[in-house]
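This report describes selected local features of one protein model. It covers strand pairing, helix packing, nonpolar cores and a few loop residues.

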Amino acid sequence: MKYIQQEGLEYCPRCNATLSFQKGYDPALNYWICKGCGEMLINPDVESDIAWICDECGAMLNVQSGFSEDCGEWTCTECGFVNKISPNEIYGSEEEFQTENSSPYKGLSDEDLLTLSEYEEISYINERKDIILVRDQETGEYYIEKFLSNYNKSIYSFLMENPLENMPGIKGIFESKNFLIVLEEFIEGITIEDLLEKSSMSEKQAVEIAIKVCRILDKLHNLQTPIIHRDVKPSNIIVSENDEVYLLDMNVAKWFDPDKTDDTKYMGTQFYAAPEQVGYGMRASFAKSDIYAVGMLLNVMITRKFPKEEKAPEDIWKIIERCISLEADKRYTAEELIVELEKIKGTV
């Protein structure tokens with residue numbers, strides 16, 4: 001749809017809004033999204049009634065020299081991205097365009113789309129539309145389908161090829177234009193978060209769970225290139241019916257780089273994230289950043305509160321205090337923490 005020019009002003013033919021008064025509008029622009037109704041409007045000086053837009057930078061392609069609507073594909077002269085030019089890519093409205101453009105499956109190959117179509121959506125997890133319980137329609141097995149906007153694809157690729165015990169196995173990864181789609185093993189059980197909603201734990205149970213979490217972290221931290229989980233917290237730990245403990249959610253995990261002095265992105269959950277994870281301290285997050293989170297977790301499992309609100313009993317508090325030391329090097333390694341927790345397990 002083209003906008004209307006009248007008496008030196010431009011108007012939206014859909015809602016009659018005066019485009020000239022809308023912030024950022026310039027009559028020299030080839031197209032404009034009306035801020036009144038969201039309609040995409042094409043400058044009347046553009047010959048075509050169709051706006052071919054670069055999927056990468058948003059530039060209008062059909063004003064670029066040499067472009068034709070039957071060329072099959074076009075390399076944007078603004079950014080160099082190769083765009084597919086197909087009648088199937090024409091949208092009847094801006095709303096339709098934005099819906100398609102934000103689709104989690106946009107840009108996937110036909111093969112990937114076919115693979116994902118084999119999984120039936122069952123329900124959202126915790127009412128989140130980016131975490132879905134799905135069922136393989138052929139085998140009947142259940143999986144978790146996750147749509148990640150912040151991720152390190154290489155970590156998921158590594159875990160798919162090198163599965164670790166007591167972590168969900170990765171069934172498949174699919175990278176679309178908007179998300180990394182991860183299919184992972186569905187672990188039956190209850191999260192620590194849900195357990196704590198009912199009551200606090202005994203000191204012995206909390207210590208045993210912390211030991212099992214540390215054993216998983218010890219494996220991650222001792223890989224040839226260590227992986228730092230960076231989001232150890234109650235909602236990311238599941239206890240199965242036979243008391244197996246699983247560590248979930250590698251969404252903000254990173255490879256450890258000893259040469260880095262700061263994290264590129266500050267990630268983690270408030271109170272569980274070590275100071276260096278959120279921009280405090282003189283180093284990037286490292287293995288002992290996860291130990292900080294385990295210390296917080298241990299205190300919360302026993303008291304259902306963070307240390308500043310209530311501290312765990314003295315013998316355990318001494319261990320927690322070292323875990324959450326602001327001087328990162330004073331914290332335990334996962335292996336050292338296992339040893340200390342094993343010492344007190346029989347006394348609590």
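Helices and strands here are DSSP runs, of at least four residues (H or I) for a helix and at least two (E) for a strand, numbered from the N terminus. The model is a predicted one.

**Loop residues**

By that numbering, R230 sits in the loop between strand 13 and strand 14. D249 belongs to the loop between strand 15 and strand 16, and D329 to the loop between helix 7 (314–323) and helix 8 (334–345). The cut-offs for accessibility are under 20% relative accessible area for buried and over 50% for exposed.

| Residue | Relative accessibility | Class |
|---|---|---|
| R230 | 8% | buried |
| D249 | 17% | buried |
| D329 | 54% | exposed |

R230 has a positive phi near 70 degrees although it is not a glycine. D249, also a residue other than glycine, has a positive phi near 65 degrees. As background, most residues other than glycine have a negative phi.

D329 is in contact with R283, F286 and K288, leaving aside residues up to four places away in sequence.

Strand 7 (residues 119–125) and strand 8 (residues 128–136) run antiparallel and are joined by six bridges. Within this pairing, Y124 stands opposite I132 of strand 8. The hairpin they form has two residues between the strands, and N126 takes a positive phi near 55 degrees there.

Strand 8 also pairs with strand 9, in the antiparallel sense, over five bridges. I131 has K146 in strand 9 as its bridge partner. Five residues lie between strand 8 and strand 9 in their hairpin, and G140 in the turn has a positive phi of about 80 degrees.

**Helix 3**

Strand 9 (142–148) is one of the elements against which the buried residues of helix 3 pack; the others are strand 10 (170–175), strand 11 (180–185), strand 13 (227–228) and strand 16 (254–255). In helix 3 (residues 153–161), the buried residues are I155, Y156 and L159. Seen down the helix axis, the buried residues fall within an arc of 95 degrees and therefore line one face of helix 3. In general, an α-helix has 3.6 residues a turn, so residues three or four places apart point the same way.

**The sheet of strands 12, 14 and 15**

Three strands make up an open sheet with antiparallel pairing, in the order 12-14-15. Strand 12 (190–191) and strand 15 (245–247) are the edges; each has a single partner strand, so one side of each is without a neighbour in the sheet. Strand 14 (residues 237–239) is joined to strand 15 by three bridges, and I237 stands opposite L247 in strand 15. Helix 5 (residues 203–221) packs on this sheet, where it touches strand 14 and strand 15, and its direction makes about 45 degrees with that of strand 15.

**Nonpolar cores**

How many residues does the largest nonpolar core have? The count is 58, and L298 and M301 have the most contacts inside this core. M301 touches I192, L196, S200, M201, A206, I209 and A210, with residues up to four places away in sequence not counted. A second, separate core has ten residues, including I132, Y143, F147 and I181.

Definitions and conventions:
Residues are numbered from 1 along each chain as its sequence is written. This is a predicted model: local features need pLDDT of at least 70, side-chain atom pairs count only at pLDDT 80 or more; totals for chains, interfaces and linings use all residues. Side-chain values use heavy atoms; hydrogens and water are left out. Buried means under 20% relative accessible area, exposed over 50%, partly exposed in between (1.4 Å probe, protein chains only). The arc is that of the directions from the helix axis to the C-beta atoms. Contact means heavy atoms within 4.5 Å. Two strands pair if DSSP finds at least two bridges between them. Axes are lines fitted to C-alpha atoms, for helices over the stretch in contact, and angles run from 0 to 180 degrees between N-to-C directions. A nonpolar core is a set of buried Ala, Val, Leu, Ile, Met, Phe, Trp, Tyr and Cys residues joined through side-chain atoms within 4.5 Å.
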